[in-house]
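Me: I would like to go through the surface of this protein with you and ask what each label rests on. Please set every value against its definition.

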Amino acid sequence: PYGASGSANFVNNLNEGKVFAVQSNLLKNRLITSFGWRSDRIRQATYVTQRKTAAPNAAFESLFALDAPTNWDTFTRGNTSTQGAVFHVLPWFSVFYNQSSTWNPPTGLINPDDGTQIPGATGDGKDYGIMLRLLDDRVSIRLNKYRNSSGPAGNTGFRNAIIPVVQNIEN
């Protein structure tokens, strides 16, 4: 009655996407613009593996020994886009700007407060700055500022640190 009843959970993602991208050179190649858009449709299937024996400290089944998933029952979709420009003010001096939005599929993690699946991280980013090309293009200097936002995201740092220790422990 006390403590956790362990199981190993895995999530498989099947990503189907559509992409559109274009780059243009304008004003005699002094202005280069770019645009990109991607639409993703994600299907997810989950595994809940069983322990190899009834013992409470038994290892879980290997994911590689399981059949391919058939329960592709979770569907999500999202879009990612980017727009940017580089303007060559002089042959050796350029300015640039880029902005983007991102979308990632759900993580497979569950919110313990209400049992809902944690959505994938979304975010926005911007970067801009200047570029200098000096000494016949042998020296390149780039100064830029970058800002982004993203979330929510699951904290898996603790899990990733312990995996190498316990992986294949019974071998």
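**Patch and salt bridges**

Reply: Strand E6 (residues 139–151) gives the most to the nonpolar patch, with three residues; strands (E, at least two residues) are DSSP runs, numbered from the N terminus. This is a predicted model, in which local features need pLDDT of at least 70 and side-chain atom pairs count only at pLDDT 80 or more, while totals for chains, interfaces and linings use all residues. Residues are numbered from 1 along each chain as its sequence is written, and side-chain values use heavy atoms, with hydrogens and water left out.

Me: Why is Val 139 called partly exposed?

Reply: Buried means under 20% relative accessible area, exposed over 50%, and partly exposed in between (1.4 Å probe, protein chains only). Val 139, placed in strand E6, has 32% relative accessibility and therefore counts as partly exposed.

Me: How do you know that Arg 41 forms a salt bridge with Glu 16?

Reply: The term requires a side-chain nitrogen of Lys or Arg within 4 Å of a carboxyl oxygen of Asp or Glu, and the closest N and O atoms of Arg 41 and Glu 16 are 3.1 Å apart. Arg 41 lies in strand E2 and Glu 16 in strand E1, so the pair ties together parts that are 25 residues apart in sequence.

Me: What makes Asp 40 buried, and which side chain does Asp 40 meet in a salt bridge?

Reply: Asp 40 has 4% relative accessibility and so counts as buried. The side chain of Asp 40 meets that of Arg 38 at 2.9 Å, N to O, whereas Arg 38, at 34%, is partly exposed.

Definitions and conventions:
Helix = DSSP H or I, 4+ residues; strand = E, 2+ residues; numbered from the N terminus.
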